[in-house]
Amino acid sequence: MILLILWAFLASGCFAYGLFFYSVLIRWRLIDGSEPVKGSDLVLVGLCLLVMFVQLASIFLPANHYLALGWLAGAVLMAAGSTASVSAYFRRFTRQQKQIPLFWLFVVVVLLYSTLEPANIDSGMYHLPSMRWYERFRVIPGLGNLHGRLAFNSSFLVTSAAFGFTDWAGQTLFPLNGFLYLVVCWRLLSQIRSATPVRFLAVVILSLLLFYQIRQVFSPTPDVWGALLPITIFLIWLELRPVFSIRHVLLFMLVCVCITVKLATIPIALVLVPLAWAFRKQLTGRHIVWLGGLGLLTVLPWMIRTTILSGYLLYPFPALDLFSFDWEIPVERVRFEKDFVEFWAKFRIIEPYFDASLLKTPASEWIPAWWQYKDYYFLNKPTWLLAVVSPFLALSHFFNPARRTRFQPLVLPYGAALAGFLFWFLSAPEFRFGYAFVWMTTFLPVLPFFPTKTNYWNIMPWTNALVVGLISILLGYYGYVFLWKERFPLQTYALLPKPLTYRTHGTEAEMFTRQRTQSGLVVLVPVNTPTLQSCYELEEPCSPYFYPDLELRGQTVADGFRSTLVSRNKN
């Protein structure tokens, strides 16, 4: 229930900031106000502003509930100054009676799955530990020296830390994945009711999100945002009109945020090139300054945070060693983190058995092994195969006049999706890293087979039946697997979701060993493997990997960590 309240606060706050930002752009005549603005667009604008605010503030202050409350107080003031507009959007929302009942089914299923203990392996290893460090301290120099993955700087994690409310709830909350999931589902439901071919794409994407992403909404993983944000960017792009509006600004902001959430989504920046060219005549110097400022306020704090956490401008890319800080992570460990992402995605071999020579394996050898991995669910392989053959399908449209006309607006979005698909597959082909690019590459070339408008069929009845059926399956799965077979005590976690904790397995003394580095620093190390234990509940430095060269830079952990291997080389 606490998550439902947090979702309501997030939706209201993001909407208030988005509405204020929109009114500023209209007042300063930076956008065309003739196009109707969706409330969900304003919520997404506000979410981008929230990420921007928390990232910037976390450089100087801990990212905890004080930032969240300050942000909410600002939202109240902005809403109070625009009561008429707020009331108008609220009335519009309540008038969408046909969509709301279906949407509440999404709320119910997301809320139920969010009560479960985080299931993502990385949550215990570095997602939740990162959030706890961010809540307690401003960004810590060299935190990645304690554990390399703590330097995997994600704007999602620092924003999640601000809404973790650990001190109040007695456990760390993570409402952001469920919140964005619901916002995107609302938008997809709206697009399904449109009279354009995009509605068919929206049906497919909504179905895939129900199957794949519901598994992750109860884990504080950036992977969910890494899929939802690019999907939203593509769907906005497909609906853009030839006037520079708030949706163009939103798309630019989403691209910037997306890159700071997960570096694997960087091909999404290709979206900006054709859009900038298409609207070059409408963009003035004022537009460029404004957009450039928004981009810098989003990306620059992220790069500063990354540099402080790791010593590198972009981590884990050791080639970008542009500075000479005493807290930078030893280059061989940075190289390991970079290589292991690719190694795991291709070979599914755990870290103790890492073999860098395997990264030179020819594609003719690693692709068959990758294809055989059993956890690639039955929908992943067909969509991947369709994505591979999609260029041939795309070329076939040019030999049919009607389909060629319908495919022309999709050429550039498809090209961007295909580039992202190739980048994903050739670098780190773990499906959860590239869902958006795989799905868009697969299904965009299918849209020209559907006419732009049709009067002889209506997709709404069977779409509603399909969505309700999928949600019913998810509810049935929850009831059968979690409530009946695993005896999950839903009544116990109706208010607060089940936390990820070592305390259900033993005491601190039983679960961790205390080891001293060469400098005398005490580090707690889990007794079990890193995939089975977490460090995020402990107040002392804790890492699944012990580095004897670790030392404090000052008197407290707030001063940061460094490696004597690097400091010795500096001297």
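This is a predicted model: local features need pLDDT of at least 70, side-chain atom pairs count only at pLDDT 80 or more; totals for chains, interfaces and linings use all residues.
Residues are numbered from 1 along each chain as its sequence is written, and side-chain values use heavy atoms, with hydrogens and water left out.

Helices (H or I, at least four residues) and strands (E, at least two) are DSSP runs, numbered from the N terminus. Five residues lie between strand 1 and strand 2. Within that turn, G520 has a positive phi of about 95°.

I turn next to the cysteines. A disulfide is a pair of cysteine sulfur atoms within 2.5 Å, and by this rule the count comes to one. The partners are C535 and C542, with their sulfur atoms 2.1 Å apart. The link of C535 and C542 is left-handed, with -50° about the S-S bond. C535 counts as buried at 9% relative accessibility, and C542 counts as buried at 6%. Buried means under 20% relative accessible area, exposed over 50%, and partly exposed in between, with a 1.4 Å probe and protein chains only.

What of C48 and C256? C48 is in no disulfide, and the nearest cysteine sulfur, that of C256, is 8.6 Å away. That distance is too far for a bond. C48 is buried, with a relative accessible area of 2%, and C256 is buried as well, at 8%.

The next topic is salt bridges. The term denotes a side-chain nitrogen of Lys or Arg within 4 Å of a carboxyl oxygen of Asp or Glu. The structure holds 19 of them. One of these joins D41 and R187, whose closest N and O atoms are 2.5 Å apart. D41 lies in helix 2 (residues 39-58) and R187 in helix 9 (residues 176-192), so the pair ties together parts that are 146 residues apart in sequence. D41 is buried at 2% relative accessibility, and R187 is buried at 5%.

A second pair is D326 and R562, which meet at 2.9 Å, N to O. D326 sits in the loop between helix 14 (285-310) and helix 15 (331-347), whereas R562 belongs to strand 4 (residues 561-563), 236 residues apart. R562 is partly exposed, with a relative accessible area of 23%.

Helix 15 also contributes R333, which forms a salt bridge with D549, the closest N and O atoms being 2.7 Å apart. D549 lies in the loop between strand 2 and strand 3 (550-552), so this pair ties together parts that are 216 residues apart in sequence. Both D549 and R333 are buried. Beyond these pairs, salt bridges that share partners join D122, R149, D223, K262, E337, R348, E430 and R432 into one network.

I close with the surface. L395, F398, F399, V411 and L412 make a nonpolar surface patch of about 520 Å². Patches are made of residues with over 30% relative accessible area and no salt bridge; like charges are joined within 9 Å, and nonpolar side chains (Val, Leu, Ile, Met, Phe, Trp, Tyr) within 5 Å. Accessible areas come from the Shrake-Rupley method with a 1.4 Å probe; for residues, only the protein chains shown count as cover. F398 is found in the loop between helix 17 (380-396) and helix 18 (401-407), and counts as partly exposed at 37% relative accessibility.

Notes: Two strands pair if DSSP finds at least two bridges between them.
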